[in-house]
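Hi,

Here is the structure I promised to pass on.

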Amino acid sequence: MTNPDHSTPQRLENFRRNEGTPLRTEAFEVVQVNLSAVERRAATLPTRRSVKKEYQAAWLMKALTCIDLTTLAGDDTPGRVHRLCAKAMRPLSDELVEGLGLTDAPPTVGAVCVYPSMVPSAVKALAGSGIPVASVATGFPAGQTPLPLRLAEIRYAVEEGAQEIDIVINRALVFSQDWQALYDEVAAMREACGEAHLKAILATGDLKTLRNVYKASMVAMQAGADFIKTSTGKEDVNATLPVSLVMLRALRDYGEETGFKVGFKPAGGLRTAKDAMNWLFLMKEELGRRWLEPDLFRIGASSLLGDIERQLEHFVTGRYSAAYRHALA
C-alpha cells in the first residue's frame with residue numbers, strides 16, 4: 001500500500017449526479033452471491049496489510065476527510081450541534097495540524113449529519129466553511145411513516161439548507177420483492193431532494209440475505225440514489241465488510257452499465273482507526289483511487305474521530321493520550 005495523496009478533497013458540488021435508469025429487474029434478479037467466498041475475501045482485509053508511520057498517518061488523514069460527523073440522539077440540542085460543527089471545522093488541535101505539516105490547509109470532515117429539526121442550527125454554525133449539512137429523513141430509522149410524510153420531511157430539510165439527504169428505504173418492500181414499489185418510492189424521494197444529494201440507507205442488518213442487499217442496492221441506484229449506505233446505525237447489525245463488499249460489487253456493476261459513479265457510505269460500528277483503514281483498503285482495491293474522496297466515499301461515525309486523533313497524536317509525539325483529550329465537542 002502507498003499513501004494516498006493530499007490533493008484537495010472532492011466536494012459533492014463537483015460531483016456528477018446519478019440520473020438513474022428505468023427499473024431493470026433483469027440486472028439483478030438472476031444474481032447469486034456466494035456467502036463463503038464473500039466472507040473469505042472480506043477476511044483478507046484486516047489480516048494481510050500493515051501500514052505504519054507516515055503511511056498510516058496519510059491513510060488516517062484521508063479517512064478523517066471522509067467522515068460524516070454525526071449526532072442523531074433524542075436529546076440533541078442546538079448547542080450540541082453547534083459544538084459538533086466546531087469540531088467538524090477544526091477536527092484536530094493546532095499542535096497536531098502543525099506537527100503533520102498541514103498548517104496551510106487544515107483538514108475538515110466530509111459533512112455534519114443531523115436530524116431535520118437540527119438542520120438550521122448546523123447550517124448557521126457551518127456558514128462559510130464549505131462543509132455540507134446532511135440530514136436524515138423519511139421516518140429515520142424505521143422508515144415506516146406514510147410516503148407523503150416522508151417526502152414532506154425531505155422537502156423541509158432541503159428548504160432549511162441541507163445539501164445531502166440520507167433516506168431510509170422501506171425494508172418491507174425488499175422482503176416482498178416488490179421492486180417496482182421500492183423503485184417508485186426512492187425515485188419520488190430523489191425528486192423531493194431537488195439539488196440536494198440523496199444517500200439511500202438500506203439497513204442491511206435487517207435485509208437478512210446478501211442477495212437482498214445486492215438487489216436493494218441496484219434498485220436504489222436505478223431510482224437515482226447518489227450514494228448507497230449500509231445502515232442507520234440503529235440496527236442490531238450495522239456495517240460489516242462482507243455486506244460492504246456486496247454493495248461495492250453492485251455499485252461497480254451499475255457503473256459499468258451506466259457510466260455513473262455512485263458513492264458508498266458504511267455507517268454504524270466503525271469506531272477505531274483500524275476500522276476506517278480496513279474500509280479505505282476495501283474501496284481502493286475494489287473500485288480504485290477515485291473512491292477515496294468524500295464525493296464518493298463517506299464514513300458515518302461519531303466516536304471514530306477520537307481514535308483517529310489518538311493515532312495521529314502518537315505519530316506526531318510518540319505517545320498515546322487519554323481518550324478524554326479528544327472529545328467530540
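One definition before the packing: I count two residues as in contact when they have heavy atoms within 4.5 Å. Also keep in mind that this is a predicted model.

Let's start with helix α8, residues 179-193. Its 15 residues reach 21 Å from the first C-alpha to the last, close to the 21 Å expected at 1.5 Å a residue. On its buried side you'll find W179, L182, Y183, E185, V186, M189, R190, A192 and C193.

Next, a helix pair. The axes of α1 (residues 35-43) and α10 (residues 241-258) come within 9 Å and cross at roughly 105°, so α1 is roughly perpendicular to α10. From α1, the residues involved are V38, E39, R41 and A42, and they meet L241, P242, L245, V246 and R249 of α10. By class, that contact has 6 nonpolar and 3 charged residues, with no polar ones.

Finally, the cores. The largest nonpolar core has 100 residues, and I154, I165, F264 and I308 have the most contacts inside it. Take I308: leaving aside neighbours within four places in sequence, I308 touches L60, A63, L64, I67, A273 and A276. There is also a second, separate core of 7 residues, with C113, A134, V168 and I201 among them.

Cheers

How values were computed:
Residues numbered from 1 in each chain as written. Predicted model: local features only at pLDDT ≥ 70, side-chain atom pairs only at ≥ 80, totals over all residues. Heavy atoms only, no water. Helix = DSSP H or I, 4+ residues; strand = E, 2+ residues; numbered from the N terminus. Expected span 1.5 Å × (residues − 1). Buried < 20%, exposed > 50% of the residue type's maximum accessible area, 1.4 Å probe, protein only. Axes fitted to C-alpha atoms, helices over the stretch in contact; angles between N-to-C directions. Parallel < 35°, antiparallel > 145°, perpendicular 65-115°, else oblique. Nonpolar A, V, L, I, M, F, W, Y, C, P; charged D, E, K, R; others polar. Core = buried A, V, L, I, M, F, W, Y, C linked by side-chain atoms within 4.5 Å.
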